[in-house]
Amino acid sequence: MVGEGENMFKKKLSVVAALLVLGSASAYAGVITGSPHDLSATTTGVAVNGELCVFCHTPHAGNSAFTGAPLWNKASPTTDFTMYGATSAATNGQTIAQADTGVSDPSNSSLACLSCHDGVSSIDSIVNAPGSGLNSVTTVTSITTIGVNANANLTADLTNTHPISVTYIPGNASLKPTNTVLTGWQGAGTILDLLRGSGQDQVECGSCHDPHNGLADQATRSTEVNFLRHTNAGSALCLGCHDK
Amino acid sequence: MKLLITLTSMIFIFSLPLNAAVANTKHNLSITSTGTIKATAETEECVFCHIPHVTRPAGSPLWNRSMPVTDYIMYNSDYLKRMAYPTPTALGTQNDQPGTISRQCLSCHDGTIAVGAVYKLRQTYLNGSAISMSGVDIDGTLPLGTTLIGTDLTNHHPVGIEYDPNITLNFGSGIRTMELVAISAIDPASKIKLHTYSDGKSYVECTSCHNPHTENAKFLHVGTEASLGANIVKTCTTCHDKTGWTGSAHQLPPNSPSYTDPAVLTKYGTNKVGDLGCINCHIPHNNEQNTNYLTRQVQAQTCYQGAASSVSGAACHGVGGVKDIESVTNRNYKHPIGMSGTEGSGQHTNLDVLYGGDLTDPNGGLGLSWATNKHAVCMDCHNPHQAKPGTHVADGSWYAAPGTSTNAVSNVLTGVTGVEPTWPASWTQPTVFTTLESSTKEYQICLKCHSYWGVGASADSATGYVSLSGTILTDVAWEMNINNKSGHPVIIKQSLRTGSYAPQSLDPSQLLSPWTENPGESTMYCSDCHGSDAEMGGDAKGPHGSDLKYLLKGDNNFWPTKADGTTLFSMDDIGNAGDTGLFCKNCHDPAYPHTQWRNNMSNRGFKCVECHVVVPHGSPISRLIGYTNFPEPYNYGGNSLKMTGWKKSAYDINNLGNRTSAYAPACGGGGMCHNSNVGGYDANPYP
């Protein structure tokens, strides 16, 4: 009887384990190929050898002065941004509770994204073009900037976009504890995994978005948003952090 | 097994964050909502108000709805205007303007914008179309119901209004504050929230009381109390610190009464008057009666009915209530509570005491003057936030216990505004008054109306108004003037009556209990003579109403005529069976010990009002004597008074004094009794 009980326990335990595995298997995984971040597929300009990565990364001779993303293949961004809650560019942002965020510019990890999504910077201006030709800032395609009316154009005015480069303080804005477990998120098992910066306490673009986690059929979808770390059906992405 | 349980419970804990609060509320407008208003297909909850990128220019945080362009009718009141409190202007349309946050809420709740009409849904700008909703009106807006605020905000607690506890108003005596908690003292645990804008001032908005994301009932920040009713009360009292509220009759009602109307329990989770506090009488939203000060019903009806749907289900002051005033005020003679024709527009307005006499409210509000706003409602005499149980009357008595009588306000009259006259020369009209933030004497409440402050200037004490009892109303302050030679000691004890001369007081032997102790050193109440007819038989005490004229109360109730209303009380009646009902006999002993006097006077048929003024409040002549040329109503029928001279003398049981104390040729006696004019009589104010 004792043995049977143990067997039963083991069976149940394996079911539970399977469930847990199933949970993580349903992570919101996507691709870059064919997604809007696959700039190779969207261009008809000069040959880029079908390269996808080159618009952001290069294996050699990258812009090492910029630390926002690895092996950076673009110039350091120079746009003046107006932060969430700020009254003008070059002034510190404010939270909804009117607390000074202490920063007047996005941090580098978000600047990497904004080096295209500010609607000003050229998408096609990269440091190291495909093939040979190190260290020449080159225009490789006919894409210049993100369309003025495109959803992806956040502009340099960040006052109307979710705060970035802002410290995640549990309790504020009903934010959950950082050790809260996230299930089915791309690249994150807890909220802490979403946070960036040296103190791993900053909310950045990458907190919600994974630029490599796209949907190839985005154009045909109306119920999903690209490059999210979790589907926002049922507002699950928002409610991952905000305990509203 | 323990491990299994642990694992299972871990999974449960992990899934907890998904049970986000707003998902379980009516503000979850997605298809998963358990409410009636929800999307037909959309699953996102946040999107109905928020969007992470490219949000609307006005509204925060990350606002995704169009803002209504409504011109709201804003809250206002005589009280705010009179306190010079900044009244709300239009709700803001841009961030950092007062009212913008409330306008955001109203982007659903004013009923002008479709619930599903968001700006952007994921990557799609809706450009005027809307998320498909069920449970809404045909145009997509909020349907009729308690949550539809509409565009008239006058019957809702004000929003977009500054919160300034420091505003005060000086009375002639005393200071009225806004009775608001200091900003720094607002309990942070309550989560009640003020909003600060670039003007540096704090404002009340919808979100001061409500948290749109909470599961608390009515989306209140406060959810810590035992019932919804108590949560609402705590919400109110977090900011509103009504003077004297704690321990008052309405905060802590005696015997813990409950509403019998089942709707009260259903709605508020409690039916106890003590739990319901503020919301017994006030309602913060959608007051259908559109009354002042967010009261539930039109003035007195609020007191009768409270939070019940009818008087019969209430434990208040209506018929069958715990302290039934309504029945009393339905009697023949009364303060005209509930009789005023246009009460709905608020005949009594807060602080109207400031605008009596010749003063009119510069804000255009209604004052106390009878010429423009004759009225008497509960709030004129009571402060429902401060009233405490109990009166000055002793158990089993009509009056205070022997030796204890004063004229100080009793518990039920705590915190009521009043006026104190500046006393002019004898038998002239007091026209200068000091307004009192809180009356200390009962008469100061009565004189708000029963004086120049209410009835205005009059050529003599008789005003131009006729009472329900059918007689001309008089200026009681005129009659009670301490510079008059005689009067009942309502304003001041007899020893301090500046107008009188010795002996100022009656002798104790001329009085009955409880007035025999130190009569010259005691004062009394207006309500010792005026009250309901059955105060000893269960009626609420006080001069609310009676079937007896002049609201005369006590064991004897008639003056100056007998119960038949025509036969005047006479000397024959004193000491005989015929004096039944003579009102004066409640306190005065007219028979004893003046045996000699009584024997001389009896059977002569003289009427009381042949010597005494009919209105016994006071007289320019000692001992409430009147002269032949006194006008009505002091002179009964205009011709009852017989004396033309009188001076009082010291009381001596063995010596009646000289009959020449009185000079009364009008008796026609031709040399009898009082036919000698020896001079030195009290001066006659009527030439």
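Visitor: Which residue in E9(B) is the bridge partner of B:Ile161?
Guide: B:Val204 is the bridge partner of B:Ile161. A word on the model: it is predicted, so local features need pLDDT of at least 70 and side-chain atom pairs pLDDT 80 or more, while totals for chains, interfaces and linings use all residues. Residues are numbered from 1 along each chain, chains are lettered from A and ligands numbered from 1 in the order written, and side-chain values use heavy atoms, without hydrogens and water.

Visitor: What makes E5(B) and strand E9 of chain B a pair?
Guide: Strands (DSSP runs of at least two residues) pair if DSSP finds at least two bridges between them. E5(B) and E9 (residues 202-204) have 2 bridges, in the antiparallel sense, so they count as paired.

Visitor: Why is one side of strand E5 and of strand E8 of chain B left without a neighbour in the sheet?
Guide: The open sheet of chain B runs in the order E5-E9-E8. E5 (161-162) and E8 (195-196) stand at its edges, each with a single partner strand, so one side of each has no neighbour in the sheet.

Visitor: Which residues is B:Arg122 in contact with, leaving aside neighbours within four places in sequence?
Guide: With contact meaning heavy atoms within 4.5 Å, they include A:Glu224, A:Val225, B:Glu42 and B:Ile51.

How values were computed. Helix = DSSP H or I, 4+ residues; strand = E, 2+ residues; numbered from the N terminus.
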